[in-house]
Structure formats: structure tokens, C-alpha cells
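Me: Hi! Could you take a close look at one part of this model for me, and show how the elements around it are put together?

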Amino acid sequence: MTNHLIRYFDMFAGIGGFRAGLTRAGGFQCVGHCEIDKYADASYRAIHDIGKEEKYYPDAREIDPGDLPHFDLLCGGFPCQAFSNAGKRKGFDDARGTLFFEIARLAEARRPAYLLLENVPGLLTHDQGRTFAVILSALDELGYHVEWSVLNSANFHVPQSRKRVFLICYLDPRCAGQILPVFGDDAKALIQLIGGPQGSRVYDPIGAPAKPSSGFVGRGGARERAQFSPQAETELSGLCDDEVACTQTSGAGGMGGKTGLYLVGFNRKEGIVSERDTAVALNASDFRGINRNQTQNAVFVDLSVGQPERTDTARCLTARYAQATLSNHRAERSGVLLIKEATKRGYKEASPGDTVDLGYAGSNTRRGRVGHDIAHTLETSSIQGIVEHGGRIRRLMPRECLRLQGFEEDQIDRLLAITSDAQAYKQAGNSVTVNVIEAIGRRIRAVDEQLKKEDSAA
């Protein structure tokens with residue numbers, strides 16, 4: 001914990017994802033917040049310890065900069081609906097899109113050392129990049145250097161694939177490359193040590209942190225790629241002496257790997273005795289499975305509900321084979337749910353524990369509906385489902401959605417005690433992921449401490 005507290009103002013606060021993350025990072029003190037949604041503000045006050053001295057504003061457009069106490073950091077996720085690919089993308093033509101300029105207004109008046117902003121990645125491409133260029137130009141005119149990075153919550157210890165663009169803006173040029181990009185502990189890119197076909201490759205078990213897409217704009221508009229910090233460079237160069245094979249997946253490769261038919265030499269006394277490159281010729285007795293002459297070389301796996309096991313007979317191919325449901329009938333394709341999507345294959349397999357996007361279930365133009373052991377990006381409506389054993393798909397509960405955003409159990413308890421499920425879903429979908437803010441907050445705090453040490457020694 002630092003002796004110097006970085007004071008911050010929480011704009012467009014929602015239920016306080018920024019505040020929760022900065023509190024975990026340590027060394028930050030909130031001087032006030034702004035949130036127009038009365039239900040979200042009630043949840044904010046239930047979750048967090050609000051000081052009597054803190055300022056509150058319901059409407060960002062009515063904030064008087066002169067009425068605010070001193071703060072070093074202005075943070076907020078300005079409304080994203082105007083830029084999101086899921087919306088109409090009206091940009092600055094949407095009143096919500098212009099709320100960025102309220103941030104610029106406060107920054108111009110109070111000159112905080114840092115700005116930490118969040119939005120959807122669609123902000124970068126809206127109107128062919130012109131919208132983002134306007135934002136960069138406005139910040140540049142205010143004297144801020146700007147760095148940005150697209151980060152995925154899945155890389156920060158939450159099972160949710162949620163990509164968001166984060167902008168860190170600072171007045172002191174010594175901050176360049178020291179805060180972004182941030183590498184989550186879960187973001188590892190495999191380093192291949194030995195190449196070759198699938199099954200022969202060997203990878204380093206530690207690997208390198210995945211590089212999030214990022215950028216930098218210096219004062220005067222000179223644009224270049226963001227430089228990695230010394231810490232990040234050290235992380236990238238670290239290797240381990242141990243070796244690890246490629247990840248084994250449920251979708252096997254090789255001959256018959258996806259059908260349950262494997263080409264092996266087999267007899268009843270010794271079991272599997274050898275591999276075969278080609279199958280033996282089919283004969284009239286092959287309908288009996290592994291025959292008494294011990295020359296049959298097909299081993300089948302029964303995938304019916306329950307424990308998969310080797311069987312002497314192949315799975316039945318029936319008219320129900322491609323049906324998007326689970327079956328309890330032995331030897332039918334089962335244990336896997338086929339979810340319709342707009343791909344050449346026409347569906348994606350979902351197993352118990354996977355999530356399914358329930359929005360537009362009958363659409364012929366949607367894809368990527370299934371998340372294997374990970375949730376899709378939370379939205380304000382509850383369209384996330386999870387596959388349970390037996391083939392039932394249920395919606396995620398509000399508590400589960402809030403967990404996916406990184407909130408702690410006691411915070412969730414206090415929120416759910418005062419709000420409806422509908423509001424809880426909306427608030428979770430609108431929130432920023434706490435874990436990501438914590439990681440960025442730690443970087444900001446470390447850089448701020450270093451700058452103050454340099455200034456005091458000068």
C-alpha cells in the first residue's frame with residue numbers, strides 16, 4: 001500500500017466496477033461519482049463504502065468542475081451503445097455518444113494527471129475510424145498523451161470472453177509505455193519448441209503473455225505502436241526448462257477420431273495389439289462387430305448419456321442423428337447438444353458446462369453461439385444459457401453474471417438484496433470487469449510512485 005493516495009472521480013459509475021478494481025489495487029481514494037440510473041446508483045451505494053465527503057452527481061452534463069474536490073485520476077466507461085456493433089452505431093449522432101465530451105470538459109477544467117476510459121472495441125472502427133480520431137484529437141488538444149489496448153476479461157481470471165478497449169491518458173510523458181499494455185495472468189501464447197504434425201509438437205509450458213492489440217499517440221498527433229515496458233519485456237523473455245505436449249481436446253484428430261471408429265489390431269485375449277494404416281476388408285459377418293475370428297479392427301465408443309465406454313457395436317445412425325437435443329438411448333449420438341449457427345457445418349457442439357447464446361435462437365445469420373467452458377460477453381438482457389447434464393439449457397443466474405464480472409460474494413449479496421433480477425442482469429451487463437481494472441490500477445499506482453520518487457530526488 002502506498003503512502004500517497006491517488007484520488008479519483010468515478011464518472012458513469014454504474015455499480016462501481018472501476019471503484020471495486022481500484023480498491024483491490026490499493027492506494028486509491030474516491031472523491032465522488034456520477035451515475036444517472038437510480039437503480040444502478042442504489043446498487044453502487046449498497047456495494048461500496050461511500051464517504052460523507054464524497055460528491056454525487058446524477059447527470060454528467062450538470063457537473064460543475066469548480067465544485068469538485070482535487071483529484072488525480074478521472075475514470076469511467078462512457079456509454080458504449082452509440083459505438084457498439086450490437087447497436088445502431090450512430091456515434092456522435094446519438095446523445096449518449098456525445099457524453100465523451102463531458103469527460104473532456106472536466107479534464108480541461110481540472111487537469112487530472114491521468115484519465116482511464118473504457119468502451120467497446122467498435123469505437124476504434126466506428127465511421128471508418130473517424131470517431132476515434134476525433135476523440136484522440138480532443139485529448140491531444142488538452143495536452144494528454146494517449147495509449148489504448150483491447151483487453152479480454154478471459155485473461156484476467158474470469159471465465160467470460162469480454163473484449164473492451166481501454167485508454168490511459170497522462171500529462172507526464174515519462175509514463176509512456178509503463179501502464180499499457182497490461183498482460184493478464186491467464187493470457188499465455190504457446191512457444192513451440194519442437195515442430196511437426198499434431199501429436200508430435202512440444203511447447204514451452206510457460207510461454208509468453210499474449211500481446212493485446214494496442215496503440216500510442218504522443219503529443220502533436222505522432223502515432224506509433226506502444227512500446228513494451230521493461231517488466232513486460234522480462235515476462236516475454238522468460239522460458240522454462242520443462243516441456244509440455246499440445247493440449248488434448250475432445251475433438252480427436254486422425255483417422256476416425258471424430259467418429260469413434262479407430263483403426264487398430266484387436267483380439268479378445270490381448271485387446272489392442274497394434275495400429276493399422278488401413279482397415280481390413282468388410283465381409284458379411286461384420287454386422288456382428290468384433291468377430292470370433294479376431295480379425296476385426298474396429299473399436300467403437302458408446303457416447304450415450306452417462307459414462308462413455310467401449311462397445312462391440314457401432315453407434316446407430318438414425319434420422320435423429322443431427323437433431324439438436326440429447327438422447328438417453330444407448331448407441332445413439334448423445335451427450336452432445338447441437339446448436340444451430342450460420343457456418344458451413346450448420347451447428348456447433350455444446351456439452352455440459354458450456355454456455356450458449358440464447359439470443360435470436362432461430363436466426364440463420366448468427367454464429368459463435370457456444371462457449372466451451374467460458375461465457376460470452378454479458379449484455380444487459382439475460383441471453384446467456386449454460387448446458388446442464390441431461391441436455392437442459394438454463395439461463396445464468398444474476399449471481400453468476402456478477403461473478404463473471406469479478407465482483408466478490410459479499411458485494412453480490414448486498415446488491416441482490418435490494419434489486420430485482422431484471423436490474424441485476426442489466427447492471428452486470430453494463431459493468432466493467434473488476435479484475436481488469438485492478439490490473440491496470442496496479443500499473444498506474446506503480447508508475448505514480450516512481451514519478452514521485454524521481455521528483456523528490458531531483
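Reply: Happy to! Helices (H or I, at least four residues) and strands (E, at least two) are DSSP runs, numbered from the N terminus. This is a predicted model, in which local features need pLDDT of at least 70, side-chain atom pairs count only at pLDDT 80 or more, and totals for chains, interfaces and linings use all residues. Residues are numbered from 1 along each chain as its sequence is written, and side-chain values use heavy atoms, leaving out hydrogens and water.

Let's start with Asp72, which sits in the loop between strand S3 (55-57) and strand S4 (73-76). Asp72 is buried (under 20% relative accessible area, 1.4 Å probe, protein chains only). Even so, Asp72 has no salt bridge (a side-chain nitrogen of Lys or Arg within 4 Å of a carboxyl oxygen of Asp or Glu), and Arg7, the nearest side chain of opposite charge, is 5.4 Å away. The Asp72 side chain does make a polar contact with that of His70, at 3.0 Å (N or O atoms within 3.5 Å, one able to donate a hydrogen and the other to accept it). Beyond neighbours within four places in sequence, Asp72 is in contact (heavy atoms within 4.5 Å) with residues including His4, Leu5, Ile6, Arg7 and Tyr114.

Now to the strands. In S2 (residues 28-34), 6 of 7 residues are buried. S2 also pairs with S3 in the parallel sense, over 3 bridges (pairing takes at least two DSSP bridges), with His33 opposite Tyr56 in S3.

How values were computed:
Buried < 20%, exposed > 50% of the residue type's maximum accessible area, 1.4 Å probe, protein only. Lys, Arg positive; Asp, Glu negative; His and termini not counted.
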